[in-house]
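Open the model in your viewer and keep the selection panel at hand. The tour goes from one selection to the next and says what is there.

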Amino acid sequence: MTSAAGIAPPAEAPPPARSAWRLILRNRLAAAGLVVLASIILLALVTPLLPLHPPNATAPANRLLPPFSDGHLLGTDHLGRDILARLMWGTRLSLAVGISATFIAALIGSVIGILAGYTGGRTDNTMMRGIDMLMAFPYILLALAIVAVLGPGLFNALIAVAIVNIPFFARNIRGATVGIVHREFIDAARLSGKGRLRILAADVLPNVLPVIVITMSTTVGWMILETAGLSFLGLGSQPPQADLGSMLGEGRRLLMNAPHVSYLPGLVIFLIVMSINLLGDGVRDALDPRLRAGALARPAPMTAIDRTDMGTDVAPVDAPLSVDHLTTQFRLGSDTHHAVNEVSLSLGRGECLGVIGESGSGKSVTALSLAALVASPPGVIAGGRVLLHGSDLLSKSARELRKVRGRDVAYIFQDPLSTLHPQFTVGDQLVEAIRAHRHMSRAAAWAEAVRLLDLVRIPNPRGRARAYPHELSGGMRQRVGIAMALANAPEIIVADEPTTALDVTVQAQVLDLMDELRRDRDTAVLFITHDFGVVTQICDRVAVMYAGRIVETGPTRQVLEDPAHPYTRKLIDCVPVLGSGRRRFDAISGLPPAANRLPRGCAFAERCELADAACRAGPIAMHEIAAGRQARCVRPLAGTS
Amino acid sequence: MTTAVLEAEELTKAFGGGRSLLGAPKPVIHAVQDVSLTLNEGETFGVVGESGCGKSTLARMLVGLSTPTRGTIRIAGKPFDRHLLGATAQYVFQDPVSSLNPRHTVRRILEAPLIHLKRLGRDARAARINYLMDAVGLRPDFLERYPHEFSGGQAQRIGIARALAAEARIIVLDEPVSALDVSVQAQILNLLADLKARFGLTYLFISHDLAVVEAVADRVAVMYFGRIVEEAPADRLFAHPHHPYTRLLLDSAPAITGKRIDAGEQPAELPDPLAPPPGCAFAERCPHARADCRARRPPLAPMGPYHSAACLYPLNATD
Amino acid sequence: MTAYVFKRLVALIPVLLGLSIIVFAIMALIPGDPALAILGAYATPENVARLNRQLGLDQPLPLQYLTWLGNILTGDFGRSYSLNRPVIDEVLERFQATLVLAGAALVLCTLWGVLAGIVAAVRQYGWADRIVTFIVLVGISIPSFWLGLLLILLFAVELRWLPASGMYSVYGGGDLPDLLRHLVLPAVTLSAVAAGVIARLTRSAMLEVLRQDFIRTARAKGVGERGVVYRHALKAAMVSVVPVIGVQAGFVLSGAVYIETVFQWPGIGRMLVNAISTRDILLVQGGVLVVAASYVLFNLCADVVQHLLDPRVQA
């Protein structure tokens with residue numbers, strides 16, 4: 001009920017190790033990185049077995065041979081040493097040092113991070129102050145200082161690089177741990193009688209582990225670069241022993257006459273780090289649930305439109321808005337979620353139509369589809385028309401649609417804290433809404449904004465216009481949301497669960513306000529909600545949605561008092577009513593069908609006591625059951641007389 | 001004759017406070033202040049309030065998840081023993097999915113209290129888990145699945161099974177149905193009623209939804225700004241509220257019957273918790289407030305049989 | 001705002017004290033006799049004893065630290081034995097050169113990192129995005145000292161467009177155009193890695209922000225795509241980019257050590273490497289302290305900018 005997508009993939013699927021591997025391999029770049037890296041590591045492992053020249057054997061006669069010389073495939077350096085052999089032995093050394101440093105840093109950093117995050121309080125504070133202090137140094141200064149203390153040498157460089165990276169791990173892992181420790185399942189584990197250590201091992205650690213792996217995979221390349229760098233400066237490996245960095249450092253002096261001595265080791269470092277980074281990105285994408293299923297795809301300015309049918313009905317002339325067989329889907333890979341299926345409705349001048357349904361019923365997606373605001377990808381409007389005074393909004397270009405949004409059709413969203421921009425004052429946001437459609441000076445628009453804030457009864461509107469959203473209470477914020485929708489006196493307002501995030505006393509005031517304003521201004525409202533009580537307060541007519549379809553529509557009182565569709569009937573019976581004392585509920589058994597596996601026939605048949613073969617055979621059409629009342633049922637409960 | 005299974009006296013929970021390094025006092029927020037309540041065996045005690053009233057903080061203190069700054073909790077007459085966390089009082093969380101470890105199977109989640117609190121052997125555990133799954137209406141083949149594979153209603157059933165596993169007789173339900181759709185909410189409320197009868201449980205039921213609380217509770221306390229402002233048997237509270245805030249809550253709740261809501265004229269804002277008013281916290285919003293309401297805080301005082309309210313000028317005071 | 005800056009400045013004092021303790025510890029941790037290390041291999045025992053007395057090294061450590069701190073606060077960083085001049089003079093002179101290089105690189109990497117990130121986000125999965133992603137990947141994988149060598153080979157040796165090393169020409173240089181010509185290659189090299197990191201982060205921050213509810217609100221108001229991307233999304237994305245630019249300043253200062261070595265730039269990084277090789281501990285101490293302090297100050301500026309950008313961030 002919270003987000004636009006409605007059917008966002010499960011937020012936190014724990015990836016079993018096998019599927020994570022599969023995800024990495026499916027990522028072509030990551031797979032390429034894996035292949036290159038695996039080959040390099042394999043070569044490094046078998047280097048002692050290969051028939052190579054001894055890497056440190058000097059031969060002054062063969063100084064600075066170019067590549068492809070006889071017996072020296074990659075040539076020789078200034079002491080006549082075989083570069084191929086030195087490269088392979090150097091790679092071995094660089095990899096060993098870089099990877100060891102990563103493991104040391106990861107181990108110590110993770111222990112610090114987990115302890116600090118799990119213990120909290122003073123221990124956490126002290127540890128993190130220390131870590132902050134280390135991070136106050138540009139990292140190489142610290143490494144240089146450590147080498148200055150320990151003296152130059154490869155092992156000392158390893159220690160320096162590891163120490164320098166500990167704060168980075170500690171910070172990341174602490175952050176992840178704090179996020180886990182405050183989750184409710186940790187409380188549940190405490191209530192299950194688990195001790196602190198057991199919770200740490202069984203509940204915290206498994207959830208932090210992916211973060212450790214991601215951090216390692218993204219830093220190991222960096223660590224190899226750093227150790228090579230220290231060697232390059234002459235502070236790492238000491239002659240005659242050579243890693244890739246020190247080879248590069250030695251070759252630098254011969255840059256002008258024998259460039260291959262320096263560019264070859266550099267190339268190998270580059271290849272190693274690049275392959276690690278490619279693989280690291282793949283690992284991160286596979287393990288981070290936020291990045292799965294293209295979750296970071298940028299939503300287009302308007303929903304993708306790929307209509308196979310264009311609806312059938314002719315628009316009623318008097319209705320400002322009529323929706324005709326609107327169909328919206330979410331296409332995730334090969335899976336299609338049918339969120340909205342052939343929804344038709346019309347909204348008369350000044351009328352308030354409630355669309356009610358449970359989560360996943362498609363009510364919010366319907367609302368957002370009207371102005372093509374469904375996030376796309378993955379949303380696609382696959383059919384139907386949205387007619388504003390007879391002209392189809394879905395045939396308009398993004399540029400034309402922009403002129404309709406906010407001027408003819410305005411929106412009020414659910415959670416005003418997340419739907420208002422946190423960094424602009426509410427006055428600025430109102431001014432923007434006004435000036436998006438009207439040519440007006442900033443000063444005039446500001447005065448208009450203050451007038452709008454006054455209209456929605458915000459005390460001290462002049463002062464509040466300069467407030468940021470987070471400085472207002474939830475009720476005040478939603479009033480700002482309403483003011484913004486009214487900014488250009490639209491004919492139609494779509495309100496998507498505008499009071500769901502509010503407390504009941506605040507909700508009452510906001511509903512009052514909305515009802516009064518829409519009557520005063522003769523604005524038509526499409527009111528999306530899951531709450532029958534709210535519908536009765538404000539809606540003239542109501543449409544009930546189930547599994548992406550409207551199953552019943554009619555005047556509010558009639559539908560609620562004498563529902564025709566068995567789903568409506570049962571849903572109303574589930575609603576607790578104030579004043580009816582202690583009671584049991586007539587619950588609906590089972591669950592709604594999944595949006596990617598809708599049945600052919602009535603979607604409610606599986607949960608309906610009255611259903612028979614005819615209900616399951618095929619699509620059920622909407623029937624007129626009384627004047628102004630329709631139901632999608634072969635044997636409706638009401639109106640048949 | 002009613003026996004008290006849980007007694008809380010003058011529970012207070014303060015956040016912040018203390019002094020900074022330089023000795024300046026840090027701001028204190030009292031999430032819960034001087035709350036006393038008694039849970040009688042076999043009853044459902046409802047706690048109603050809006051966001052920020054301290055009802056969840058109170059609930060966490062009652063089961064021992066959080067330590068009170070002041071006040072005492074006695075369970076079955078004995079002071080609360082932190083080593084018995086989970087053994088005497090259990091908890092059902094608001095967000096069913098986040099209360100289950102995403103990396104554990106249902107079996108592992110349900111096994112934990114049986115191992116650590118009940119110290120059952122392997123076979124006894126398996127039998128008990130099957131029994132629990134049956135009790136909450138879930139198929140046994142769900143046991144090997146992970147929490148993300150379940151809908152909110154199913155996940156809440158698992159959470160309830162976990163709370164039942166340790167055979168604690170007191171269950172604190174913290175908004176157990178507010179994250180659920182109304183049809184699922186009805187299923188869970190019915191399940192909770194069945195389990196209560198079957199296992200002889202005592203419930204503390206927390207909710208922001210008056211209609212839900214009315215449907216389940218024997219007695220109800222209304223909280224506002226960290227304190228209980230009214231407490232009464234459910235039927236009395238809903239029929240004859242004494243506190244104007246209870247009245248406002250009742251009037252604000254939209255009902256399917258079409259009764260018009262009455263929103264009240266004053267802006268619905270809570271006082272600043274960093275600078276709480278000296279008098280009644282509700283005075284600024286109260287249509288009946290007089291000068292002395294703002295000067296001193298009305299104590300929670302008896303107003304009738306089993307009925308008390310913290311108001312100087314209570315409504316329906318004649319009956 | 002002023003209150004915030006003041007608060008942050010006060011909070012800086014313990015950080016700077018901590019820095020000084022760590023830097024002091026470096027000297028204290030040197031195995032063997034520090035005076036011997038400072039004076040080098042040719043020290044006579046009398047000189048060692050005298051220096052020990054001078055430095056107060058016969059005192060207990062905390063007292064040594066206080067004496068040392070007092071000296072630092074009055075600008076006395078001691079004397080470099082290898083250069084035979086006051087440490088502070090050498091450090092400040094070298095630091096100026098590093099500031100020119102690192103400053104230029106930081107401006108460059110911020111500019112093209114943010115630009116590339118925006119382009120990649122706006123054209124997600126398009127050609128521009130792929131090219132930027134590839135360049136970024138190369139940028140963060142390439143050893144900067146090697147990139148520097150390649151650029152010298154190409155632009156200085158082969159094409160002869162730009163000088164290969166130094167800050168000014170040996171003969172007849174010394175003016176601003178001369179400095180800029182010398183600056184191009186090292187600054188570009190130095191900015192490569194940091195630009196990659198910033199571009200990556202800007203891209204993902206933009207994509208993250210573009211999915212937020214308030215972006216949908218802006219679209220629902222009828223704000224044009226330009227306004228949505230450059231006013232709403234960019235402003236929100238910068239909140240997470242700015243602190244990273246602060247962190248990148250550390251990477252640029254670090255990278256400067258390599259780049260100064262490669263391009264013979266007379267900066268503090270090269271000075272430090274030489275000082276470590278010659279075991280000139282006082283010079284190392286002074287250099288590390290000054291660079292670290294300036295980095296801390298820069299991060300303070302980044303925090304202030306972030307505070308200006310995001311009214312929700314509290315002190």
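Select domain 1 of chain C and then domain 2 of chain C: 17 residues of domain 1 are in contact with 14 residues of domain 2, where contact means heavy atoms within 4.5 Å. This is a predicted model, in which local features need pLDDT of at least 70 and side-chain atom pairs count only at pLDDT 80 or more, while totals for chains, interfaces and linings use all residues. Residues are numbered from 1 along each chain as its sequence is written, chains are lettered from A and ligands numbered from 1 in the order in which they are written, and side-chain values use heavy atoms, with hydrogens and water left out.

Between them the domains bury about 1,500 Å², with 80% of it on carbon and sulfur atoms. Buried area is the accessible area (1.4 Å probe) that two parts lose on being put together, summed over both.

Next, show the side chains of Asp303(C) and Arg8(C). They form a salt bridge, with the closest N and O atoms 2.6 Å apart. The term stands for a side-chain nitrogen of Lys or Arg within 4 Å of a carboxyl oxygen of Asp or Glu. Between domain 1 and domain 2 of chain C the count is 1 salt bridge.

Now colour α1 (2-29), α2 (34-39) and α4 (61-73) of chain C: each supplies at least two residues of the side of domain 1 that touches domain 2. Helices here are DSSP runs (H or I, at least four residues), and strands are runs of E, at least two, both numbered from the N terminus. The largest share of that side, 12 residues, comes from α1(C).

## Between chains A and C

Select chain A and chain C together. The contact takes 73 residues from chain A and 74 residues from chain C. About 6,700 Å² is buried between these chains, and carbon and sulfur atoms give 70% of that area.

How many salt bridges are there between chain A and chain C? The count is 4. For one example, zoom in on Glu432(A) and Lys221(C), which form a salt bridge with the closest N and O atoms 3.0 Å apart. Finish on α10(A), which gives the largest share of the side of chain A that touches chain C, 12 residues.
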